[in-house]
Amino acid sequence: MMGRLVLAALSAVAVIGVTAAIADDDDDSSLTKRLMKDITEGKVKVEGDHAAVQELILKRNIPIPYSYVETLMRAPNAFGPGPACVVCHSSNDPAKSYRGLDLSTCDGIKAGSMEEPKHALFEAGKDPKKAILGRRLRNNRMPLGVQFNVPTDSKPIIAIRDWIKDGAKNDDNFKKNILKLFNTDNTFGEDTPACSQCHMSNQEPPSFHELNLTTYEGIMLGADSVAKGVDNATKVIIPGDPGASGVFQHLVEDRMPPGIAPTEDRDHPNTQILFQWVKQGAQCK
Ligand code: HEC
Ligand code: HEC
């Protein structure tokens, strides 16, 4: 509804011409006029490269056309240094394209991975930040800096997966075998720090996301318990469901494109625009 209004307004602007559109009267349906009014009233701050996207596109809910998403998928460095997504994900045939994921068409993006286990990358109309698409573009695999070529089915990762699957209990297995995996260097690859080097208490700094992986209570409490309050902390273990557990996701899901440095902006303006397209319903036009 909103989207159609804005679209109508945009075409009106195109016909009248921008200068005429800015002039005098209070036409609330004109995107440009509302922007100019907000600027006059000091409501718009455009400082730095994220601000234009935030202030002029996201806040005003401009409809993101699929043609832009198509360009992002085909362009190198679109979300940070690396080859274009379609180089590796261009067909739903798993023999030709990783995970049988076709990011070269709108239907392919919406269908998701066609290789078993098949799954969609997001739900149209919803924020994809926590869905597979959002995680693969924003989350760095842990321990931070671990290389792409390190296997995701190593013994320690499988042990953690099975502990979660079995209910994530504070039992003998946890005390003897699991807790130390979070607290020992080189557990998840050569020259990798222990999780506890960066997640050691509920204080940030020094503990990233206020996540404490040194005790059972800390692991079960989750992230950001001070910033959000204990009841709203982000759970990183969902007992019985490794796939939904942040700890397991962060051990096996590589950030895309492969090899991108963890220091690269996790909130790249193009990532924000792609998410906006999904939130607006992932329209193929
Ligand atoms: C150089 C090749 C390469 C490029 C470029 C690449 N990917 Fe991937 N992608 C892979 C591989 C290999 C996997 C499977 C292994 C893994 O999960 O890490 C994968 C997995 C994925 C998955 C997980 C699919 C699933 O079934 O859960 C998503 C989502 C994804 N890529 C999105 C992207 C996006 C978006 C881009 C562009 C920013 C991109 N990829 C660029 C190689 C690539
Ligand atoms: C060198 C520092 C470092 C190490 C080591 C490290 N992390 Fe992290 N961790 C981070 C940072 C920084 C973030 C913020 C998000 C990002 O970069 O993706 C983070 C985020 C997380 C999150 C997401 C929390 C949330 O808010 O949902 C989880 C879960 C996590 N790490 C688990 C682990 C596990 C498990 C290990 C060990 C295998 C580990 N981390 C090792 C730095 C580290």
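Author: Begin with one residue: Gly 145 sits in the loop between H8 and H9. Helices (H or I, at least four residues) and strands (E, at least two) are DSSP runs, numbered from the N terminus. This is a predicted model, in which local features need pLDDT of at least 70, side-chain atom pairs count only at pLDDT 80 or more, and totals for chains, interfaces and linings use all residues. Residues are numbered from 1 along each chain as its sequence is written, while chains are lettered from A and ligands numbered from 1 in the order in which they are written.

Reader: Is Gly 145 buried, exposed or partly exposed?

Author: The rule is a count: a residue is buried if 20 or more other C-beta atoms lie within 10 Å of its own, exposed if 12 or fewer, and partly exposed in between, with C-beta atoms placed from the backbone. Gly 145 has 14 C-beta neighbours inside 10 Å and therefore counts as partly exposed.

Reader: Which residues does Gly 145 touch, not counting residues up to four places away in sequence?

Author: Two residues are in contact if their C-beta atoms, placed from the backbone, lie within 7 Å. On that basis Gly 145 touches Thr 192 and Pro 262. Thr 192 is 47 residues from Gly 145 along the chain, yet their C-alpha atoms are separated by 7.5 Å.

Reader: How many helices and strands does the chain have?

Author: There are 13 helices and zero strands. Of the 285 residues in the chain, 24% are buried. Among contacts with a separation of 6 or more, 46% join residues 24 or more positions apart. The C-alpha atoms fill a box of roughly 75 × 45 × 30 Å along the principal axes.

Reader: Which residues touch the most other members of the largest nonpolar core?

Author: A nonpolar core is a set of buried Ala, Val, Leu, Ile, Met, Phe, Trp, Tyr and Cys residues joined through C-beta atoms within 7 Å. The largest one has 22 residues, and Ile 160, Ile 164, Ile 237, Val 247 and Leu 251 touch the most other members. At least two residues of this core come from each of H9, helix H10 (172–183), helix H11 (216–221) and helix H12 (246–252). Another core of 18 residues lies apart from it, with Leu 101, Leu 103, Leu 121 and Leu 137 among its members.

Reader: Which residues come nearest to ligand 1?

Author: A residue is near a molecule if its C-beta atom, placed from the backbone, lies within 6 Å of it. Ligand 1 has 21 residues around it, and Cys 85, Cys 88, Ser 113, Asp 254 and Met 256 come nearest. H8 gives the most to this shell, with four residues.

Reader: How does that shell divide by class?

Author: Ala, Val, Leu, Ile, Met, Phe, Trp, Tyr, Cys and Pro count as nonpolar, Asp, Glu, Lys and Arg as charged, and the others, Gly among them, as polar. The shell around ligand 1 has 14 nonpolar, four polar and three charged residues.

Reader: What surrounds ligand 2?

Author: Ligand 2 is surrounded by 23 residues, the closest being Met 142, Leu 144, Cys 195, Cys 198 and Ala 223. By class its shell has 14 nonpolar, eight polar and one charged residues.

Reader: What should I look for in the backbone?

Author: Most residues other than glycine have a negative phi, and most peptide bonds are trans. Here a cis peptide bond joins Glu 116 and Pro 117, with omega about -10 degrees. The bond from Pro 205 to Pro 206 is also cis, with omega near 10 degrees.

Reader: Where does Ala 282 lie, and what is its phi?

Author: Ala 282 is in the segment after helix H13 (269–279), and its phi is positive, near 50 degrees. Ala 282 is buried because 20 other C-beta atoms lie within 10 Å. His 209, in the loop between H10 and H11, has a positive phi of about 55 degrees although it is not a glycine.
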